[in-house]
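Keep the structure open as you read.

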Amino acid sequence: MSERILNIENLKVSFDTYAGEVEAVRGVSFHVNKGETLAIVGESGCGKSITVQSIMKLVPMPPGRLKEGTIEYLSTDITAYSDKKMQHLRGKEMSMIFQDPMTSLNPTMRIGQQILEGVKKHTGLKKKEAEEQIIRLLTDVGIPNPDKNMLRYPHMFSGGMRQRVMIAIALACNPKILFADEPTTALDVTTQAQILELMNALKEKFGTSIVLITHDLGIVARMADRVAVMYAGKIVETGSAHDIFYTPKHPYTFGLLKSLPSMDLSKETKLEIIPGTPASLINPPKGCSFADRCKYAMNVCNRLEPPENEISQGHAGSCWLLDERAPKVDLIKGEIL
Amino acid sequence: MSEILVDVKHLKKYFHISKNQILKAVDDISFTIEKGKTLGLVGESGCGKTTVGRTILRLYKPDGGKVIFKNQDIYALGKKGYRELTKQMQMIFQDPYASLNPRKTVGAIVGEGLDIHKLYQSKEERAKRIKELLALVGLNHEHSNRFPHEFSGGQRQRIGIARALSVNPEFIVCDEAISALDVSIQAQIINLLMKLQRELNLTYLFIAHDLSVVRYISDDVAVMYLGKIVEKSSSGELFKKPLHPYTKGLMAAVPLPDPINEKKRIHSILSGEVPSPINPPNGCRFYKRCQYRRDICLEKTPQLADTGNQHLVACHMVHAEQW
Amino acid sequence: MEDNMTTHEANDFLFTVEAAIPHSQLAGSNLSYWADAKRRLLKNKVAMISLIFILLILALSIVIPATSSYTYDQQNLSNINSAPSRAHLFGTDSLGRDLWVRVWYGARVSLAVGIFGSIIPSLIGIVIGGISGFFGGKLDMVIMRAIDIIMCVPSMIYVILIMLFIGSGQIPLIIAFALTGWMGTARNVRGLVLQLKEREFVLASKALGASSASLIFSHLIPNTLGIVIVSITMGVPGAIFHEAYLSFIGLGIAPPIPSWGQLANLGTAVFRIFPYQLLIPASMISITMLSFNLFGDGLRDALDPKLRN
């Protein structure tokens, strides 16, 4: 059994707005093992970014509010950590890269300097050693001529190169977890392929665990060892990449996979769709939040929240269809058995 | 052979950034679209695909070339002719937030085209038409006096589609019409666009960067790189047998939802990134990133030429069959 | 799981009857832009108190001169420089005129100059800035350079020159402000229009065949209105202040018509002996300017689209 480095139990995060309480994260539990890539996948507004930002304590509070739950890092409860205490963890133990490499770099600072900040803070290396470390890092992330390029400013780099710099900053102190929030969404496909390849290579080299947040199922398939599918502030299904892609058990996961036009679908066949729009997180429905869009909704779904059911080792789903009393349904054929 | 609706001939659109800097966003491209068909236009950011769409609709003034729409040269039309033309050619935009005026109600947005072209006799007729249009795109007609911010991204995109359809166009440019939407909503909009095409016999220019969506929705596909079309063929042929090294690289880079094969496949065939389209070099624009480059690629700009079966490629190496 | 068991009902595991919910539900709040702005403005206490002050001053300036038994120019040389009393709430001045009436009559003058002296130049600015931004190119360059040149001389100098030419009084003041105050608004509006012009909803309208006029009036201007309203509100105290300043140095409003600046001017002469004659009009100017500024701040926050959620 591999070592668990991060364990989240029943995390609930809300935002107080004039329109009422927005329940962005509504009881999320998951864990991250050493050296694995966990993908959290879901559509916009499902709470995937807020989940990760709450773990890093990057959610502004207020208006945000951590209502419930525990966050354990290496078996230490860090739920109540102050910002000061978190500063020692951020960058050194866990770090984060964001979607937009343009706005997450300081435009007035040379990139070498920006990497140095983190290195100096956490390692106390001398200037000479730190500089060598920076050159090593830039080489690792595939930036050519690191000794010259470290003296340049962010605007002199392309989008892909900037994301490489961001990765270098994030990995500067060799953290145990890298949170990547839609790291390639702002990039072109061919650049995206390069960045994903780089992330995989660095994961192998340093043994870093990656928590990858994305809406792109292709990227999940490419990167993830394990997957958590989020919908309306909850994890509806979790399992290995194989479980999720080849034997999905939650109708939402299945619908999501089906709504992609696969490479062999002809123009004559209609795409399967999930009708409607995601549930509101202000006063979310009291039953299953997917019920009103679900083809297989039963009476119970509108009344009670589905519990988590284990399907097989490591594969679990929150859906009443998985209850033993529910009628058996073949999602692929769309038939009730 | 069916009727050609849109015929783009040697279209050019340059932006003058400063005295010595010219951004050749669209540089001598030609294609035709048959009535009732969809041409997919793919490429990465900065390749000029959006500019193509906007120049075809005369939202930008071209720097050369012609667009023949139903046997008339649209750039030769006067003010009145252009107004008539806007009834036949329409556009659906990428950003469902920026493309609707936040101060107007949905009814006013959808009704704008009706007002401009006086497409109704009475107020009742106008209201009825708006109701029909909203129903056509799957929206509730009771929402016509609501404001755009009340709607979700997918619903807003439906409003944008209803606006485009209000004037009964024959040809619609879909400029990244689904790329800002969530996956489950994308499928809804794709299905809607295809249903409308069947019912109203619409012709689409479908501009996108998502290859699998383009493959699914298009009859023909053209691949753009730095202002030029590098490859064009029927959708099936192109995805089965890509010829241009750029097309091959682009296809390899797309991650597919199939973990077993994905983890084995090599994705990044292409090194480097798309260079700036300002003052592009002579010769083949793809030269810098191409693994098959030869000296001739620097000297002579490759032209689109048929390799048989209406599969056009602009690459010296493909035509010389040296690899 | 356990506690759920007990609450299950007989038909729980039957499929629901096909629910028809395809696209009917709405995601966001149902307030229009203006309704939302109003809601936020009403919630802003400071802005509302300022607004009450402004309305109160406006109302009193209309009512008091009309109902008082004194008039602004009625002299009573037997009762000069009397301190505030029952008969004369703000006292009398050196010609025995009732200051209570004169202050509220002065409010009429000052507010009129302030409000129109802000609205009119703003309207000019909107038109010029809108044209400049919308048509762009050479026209834009010419207009912008012209504004640069006009703006490099302090506007007070223009105002004083204009006043010397056309004489003093309320209307000449407003004309002078109109001729000199539009440049800032023009620049702002031009910048906004340049941004809006590239927005997709404007392109969409263009693609629908909309004429330039309809683009300007139905898309561009309504979307700049919020900012323009704020700039008008913030411009009012500036105009009041300029009027006071000009009257103070003897150029603005001609006696015997009082304005706050006039009153302050007259009050300065006797400040050491009868300080109330300066302090009263001076505080009126301050309170009014402060109210307009605070209300303008509130308006800006209420109309700022970035603060919406």
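A residue counts as buried if 20 or more other C-beta atoms lie within 10 Å of its own. The model is predicted.

Q: What percentage of the 309 residues of chain C count as buried?
A: Chain C has 12 helices and zero strands. From the N terminus on, its elements run α-α-α-α-α-α-α-α-α-α-α-α. Of its 309 residues, the buried share is 40%.

Q: In chain C, what share of the contacts with a separation of 6 or more comes from residues 24 or more positions apart?
A: Two residues are in contact if their C-beta atoms lie within 7 Å. Take the contacts in chain C with a separation of 6 or more. Residues 24 or more positions apart account for 69%.

Q: How many helices and strands does chain B have?
A: Chain B contains both kinds of element. The count is 12 helices and 12 strands.

Q: What is the radius of gyration of chain B, and why does it agree with a compact globule?
A: The C-alpha atoms of chain B fill a box of roughly 70 × 50 × 45 Å along the principal axes. Chain B has 323 residues, so a compact globule would have a radius of gyration near 20 Å. The value for chain B agrees with that, at 21 Å.

Q: What percentage of the residues in chain B are buried?
A: Among contacts in chain B between residues at least 6 apart in sequence, 64% join residues at least 24 apart. Burial is a separate count, taken over the 323 residues of chain B. Buried residues make up 50%.

Q: Which residues does B:Leu205 touch, not counting residues up to four places away in sequence?
A: B:Leu205 is one of the residues in the largest core that touch the most other members. Leave out residues up to four places away in sequence. Then B:Leu205 touches B:Ile33, B:Leu39, B:Leu41, B:Gly53, B:Ile56, B:Val173 and B:Cys174.

Q: How many residues does the second, separate core have?
A: This core includes C:Ala37, C:Ile174, C:Leu266 and C:Met284. Its size is 41 residues.

Q: Which helix gives the largest share of the side of chain A that touches chain B?
A: The contact takes 38 residues from chain A and 34 residues from chain B. On the side of chain A, the elements that give two or more residues are helix 7 (189-206), helix 8 (217-223), helix 9 (241-246) and helix 10 (251-258). The largest share is eight residues, from helix 7 of chain A.

Q: How do the residues on the side of chain A that touches chain B divide by class, and how many are charged?
A: There are 17 nonpolar residues and 14 polar ones. The charged residues number seven.

Q: What separates the centres of domain 1 and domain 2 of chain B, in Å?
A: In contact are 11 residues of domain 1 and 10 residues of domain 2 of chain B. On the domain 1 side, helix 6 (residues 183-200) of chain B gives the largest share, four residues. The centres, taken over C-alpha atoms, are separated by 30 Å.

Q: How many bridges join strand 1 to strand 2 of chain A?
A: Strand 1 (residues 4-17) and strand 2 (residues 20-33) form a hairpin with two residues between them. They run antiparallel. A:Phe15 stands opposite A:Val22 in strand 2. The bridges number 11.

Q: Which residue is the bridge partner of A:Val13 in strand 4 of chain A?
A: Strand 1 and strand 4 (residues 64-73) of chain A pair in the antiparallel sense over eight bridges. In strand 2 of chain A, the partner of A:Val13 is A:Val25. In strand 4, it is A:Leu66.

Q: Which strands stand at the edges of the open sheet in chain A?
A: Four strands form this sheet in the order 2-1-4-5, with antiparallel pairing. Each edge strand has a single partner strand, so one side of each is left without a neighbour in the sheet. The edge strands are strand 2 and strand 5 (76-77).

How values were computed: Residues are numbered from 1 along each chain as its sequence is written. Chains are lettered from A and ligands numbered from 1 in the order in which they are written. This is a predicted model: local features need pLDDT of at least 70, side-chain atom pairs count only at pLDDT 80 or more; totals for chains, interfaces and linings use all residues. A residue is buried if 20 or more other C-beta atoms lie within 10 Å of its own, exposed if 12 or fewer, and partly exposed in between; C-beta atoms are placed from the backbone. A nonpolar core is a set of buried Ala, Val, Leu, Ile, Met, Phe, Trp, Tyr and Cys residues joined through C-beta atoms within 7 Å. The radius of gyration is taken over C-alpha atoms; the globule rule is 2.2 Å times the number of residues to the power 0.38. Ala, Val, Leu, Ile, Met, Phe, Trp, Tyr, Cys and Pro count as nonpolar, Asp, Glu, Lys and Arg as charged, and the others, Gly among them, as polar. Two strands pair if DSSP finds at least two bridges between them. Domain bounds come from an automatic or database domain assignment.
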